[in-house]
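Trainee: Could we go through this structure together, one question at a time? I would like to see how each answer is reached.

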Amino acid sequence: MCGIVGYIGTKKASPILIDGLLKLEYRGYDSAGISTMEHGYLSNMKDKGRVKNLYNLEGIDSLEGTIGIAHTRWATHGKPAKENSHPHMDNSNSFSVVHNGIIENYQELREFLTNNGYHFLSQTDTEIIPNLIHYYYTKLEGSNDKFLQAVHQACGDLKGSYAIEVLCKDEPETMIVARKDSPLVIGVGKEENYVSSDIPAILSYTKDFYLLNDGDLAKLSNTDISFYDSSLTPITKELKNIDWDVSACEKDGYEDFMLKEIYEQPKSIRETIGSRLKKNEKVNFEDIGFTKETLSKFNKIYLVACGTAMHAGLAVKPLLERLCHIPVIVDIASEFRYREPLIDANTLCIYISQSGETADTIAALKLSKKQGATTIAISNVIGSSITREADFTIYTHAGPEIAVASTKAYTSQITLLTLLTLYFAEVSESAPTDVISDIKDELLLLPEKITEVLKDDSKIKEFAHKVYEEKDIFFLGRGTDYTVSMEASLKLKEISYIHSEAYAAGELKHGPIALIENGITVIGILTDPTLVEKSVSNLQEVITRGAKTLIVTNQEINQTNYDEVITIPNTNPFISPILSIIPLQLFSYYISKEKGLDVDKPRNLAKSVTVE
């Protein structure tokens with residue numbers, strides 16, 4: 001959701017801040033603003049709408065400050081409007097604040113501040129923060145480090161989630177940042193430091209980062225950073241080098257990030273496999289190091305995630321159960337938390353999050369740890385919050401994913417989960433070696449087979465042109481093809497705003513067939529040879545009722561029965577979801593382009609959902 005950028009150094013801050021905000025647009029937002037230190041006063045320039053609108057604000061070209069903070073806001077409290085945009089200032093214009101997260105007790109704090117003479121210009125929860133800092137600052141006359149102490153005391157009053165950057169008019173060479181349950185990183189340069197909610201925003205300036213934990217505060221100048229825990233005790237931090245390719249955050253000639261990321265999937269899967277799997281060798285997860293005895297104690301496995309990441313879990317559930325003979329429950333993180341799940345020391349919980357900052361997933365992980373479960377985090381972002389909470393972490397290595405609609409992260413998650421399943425099966429000796437070997441061989445061939453699928457998208461583009469004006473589209477599949485249907489339907493909803501539904505094909509007669517009428521579009525996925533005959537029968541039922549059909553398959557079928565057939569390379573049915581989703585990602589993309597929509601930044605959505 002919202003994005004944060006900060007700069008403190010020797011260069012003009014405003015161009016760096018706006019550049020960072022532009023790189024955070026994928027997070028979803030409705031307004032933007034920056035605040036800089038200008039010759040003894042704090043400037044504050046903001047407006048609703050896109051970041052590019054800031055270029056049109058009067059006086060923004062004359063900003064000379066070398067310290068500044070910036071924000072893209074996604075409305076939670078108060079409608080999208082200039083007065084609700086960040087940064088927010090206190091009544092005396094002494095403090096400027098940007099904030100990601102939600103302050104749950106803001107009404108109580110607002111009433112407290114109102115009773116102490118403060119007034120408010122917005123409907124946001126954020127505006128209480130600079131005023132609360134000011135309240136404590138005025139109580140600390142004669143104290144050392146008043147600015148830091150005031151921010152610390154204000155944070156102590158906040159309930160909920162926050163990542164904040166604060167500027168103080170009286171300390172023009174200092175910035176203070178703090179976080180709790182919302183991501184924040186600090187990038188280190190030469191006589192300059194950067195702050196951001198996401199690494200890609202500042203990756204072009206530095207690859208050296210400090211990662212803040214919950215409750216941490218940091219005091220920054222252009223040459224120094226001091227870190228403190230939630231008790232304001234000084235602490236040390238390890239500087240991490242994030243070796244991402246800067247060009248991965250650029251479009252590299254593609255019209256949109258989503259299209260670029262679809263075409264990056266051969267590379268992202270190859271790098272996710274990496275050194276974990278080599279020909280004629282066992283799968284390598286030394287970073288987990290489970291033994292046969294460790295695995296034998298688990299009587300169930302939870303795969304917990306949200307949205308696309310949850311679909312990745314569903315795609316691997318059949319293989320995990322088949323090879324490891326352990327019941328697998330795939331659960332939505334936001335539901336898992338409130339259902340009192342049956343978890344104990346004999347439970348393995350695997351949490352999946354592309355960003356590693358998904359609030360519900362992190363909260364679910366914390367819950368399972370309290371109940372004694374063993375936890376594994378799967379993330380694409382090194383040092384993200386989920387990776388620091390879990391007992392073990394494994395990374396997808398998909399590289400930065402900028403488009404809101406996930407593509408390469410999804411297929412990389414399935415790939416990594418499949419590798420993890422094979423590792424479990426080899427360690428526990430729970431599956432025949434020839435079955436494991438076949439899947440391993442097919443995994444190694446995936447990058448080449450995806451490249452083959454991507455060579456020609458003309459049929460997909462043509463079919464998208466035929467149906468882009470439709471209001472309803474249905475997806476059908478059985479087994480793992482059904483899980484692909486769910487993800488394909490979600491992609492279509494996300495970026496084209498067409499209502500779509502995915503159904504297990506065997507459920508067609510149990511209600512959904514009532515919705516099939518002449519001219520409606522049905523997309524079928526057929527990759528499992530044991531289920532093709534039954535799925536073909538279901539598709540025939542929709543054809544006889546006048547449906548247009550698009551089929552994605554690697555099986556021998558009578559192609560003349562369908563309006564369009566996309567043929568993909570054959571592979572093991574358990575890993576076919578990695579191949580069969582590719583044409584359907586392109587299908588959603590081209591429909592969105594036909595409708596003239598913003599593919600990378602669909603309405604109302606955010607890349608990283610950091611609040612519940």
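Mentor: Gladly, and keep in mind that this is a predicted model. Let us begin with two helices, H12 and H17, which are roughly antiparallel to each other.

Trainee: At roughly what angle do the axes of H12 and H17 cross?

Mentor: Helix H12 covers residues 408-428 and helix H17 covers residues 576-594. Angles over 145 degrees count as roughly antiparallel. The two axes come within 10 Å, and they cross at roughly 175 degrees.

Trainee: Which residues of H17 do the H12 residues meet, and how many in the contact are charged?

Mentor: From H12, the residues taking part are Tyr410, Thr411, Ile414 and Thr415. Their partners in H17 are Pro577, Ile578, Ile581, Ile582 and Gln585. Sorted by type, the residues of this contact are six nonpolar and three polar, and the number charged is none.

Trainee: How many bridges join S19 to S20?

Mentor: Strand S19 spans residues 347-353 and strand S20 spans residues 374-379. Across this pairing, tyrosine 351 stands opposite alanine 377, and isoleucine 350 stands opposite isoleucine 376. The two strands pair in the parallel sense, and the number of bridges is six.

Trainee: Which residue of S19 stands opposite leucine 303?

Mentor: This takes us to the pairing of S17 with S19, which run parallel and are joined by five bridges. The residue of S19 opposite leucine 303 is isoleucine 350.

Trainee: How many residues of S19 are buried, and which way do they point?

Mentor: In a regular strand, side chains alternate between the two faces of the sheet. Here Thr347, Cys349, Tyr351 and Ser353 point one way, while Leu348, Ile350 and Ile352 point the other way. Buried means a relative accessible area under 20%. The number of S19 residues that are buried is seven of seven.

Trainee: Let us turn to aromatic rings. What kind of pair do phenylalanine 463 and phenylalanine 587 form?

Mentor: The model has 18 aromatic pairs. In this one, the ring centres are 6.1 Å apart and the planes stand at 40 degrees, so the pair is tilted. Phenylalanine 463 lies in helix H14 (residues 458-467) and phenylalanine 587 in helix H17, so the pair ties together parts that are 124 residues apart in sequence. The name for this pair is tilted.

Trainee: Are those two phenylalanines buried or exposed?

Mentor: The relative accessible area is 2% for phenylalanine 463 and 0% for phenylalanine 587. Since the cut-off for buried is under 20%, phenylalanine 463 is buried, and phenylalanine 587 also counts as buried.

Trainee: What kind of pair do tyrosine 589 and tyrosine 590 make?

Mentor: Both of these tyrosines are buried. Their ring centres are 5.1 Å apart and their planes stand at 75 degrees, so the pair is edge-to-face.

Trainee: Where is glutamate 340, and is it buried or exposed?

Mentor: Glutamate 340 sits in the loop between helix H9 (333-336) and S19. Its phi is near 50 degrees, a positive value in a residue other than glycine. With a relative accessible area of 71%, glutamate 340 is exposed.

Definitions and conventions:
Residues are numbered from 1 along each chain as its sequence is written. This is a predicted model: local features need pLDDT of at least 70, side-chain atom pairs count only at pLDDT 80 or more; totals for chains, interfaces and linings use all residues. Side-chain values use heavy atoms; hydrogens and water are left out. Axes are lines fitted to C-alpha atoms, for helices over the stretch in contact, and angles run from 0 to 180 degrees between N-to-C directions. Helices (H or I, at least four residues) and strands (E, at least two) are DSSP runs, numbered from the N terminus. Angles under 35 degrees count as roughly parallel, over 145 as roughly antiparallel, 65 to 115 as roughly perpendicular and the rest as oblique. Contact means heavy atoms within 4.5 Å. Ala, Val, Leu, Ile, Met, Phe, Trp, Tyr, Cys and Pro count as nonpolar, Asp, Glu, Lys and Arg as charged, and the others, Gly among them, as polar. Two strands pair if DSSP finds at least two bridges between them. Rings of Phe, Tyr and Trp (its six-membered ring) pair if their centres lie within 6.5 Å; planes under 30 degrees apart count as stacked, over 60 as edge-to-face and the rest as tilted. Buried means under 20% relative accessible area, exposed over 50%, partly exposed in between (1.4 Å probe, protein chains only).
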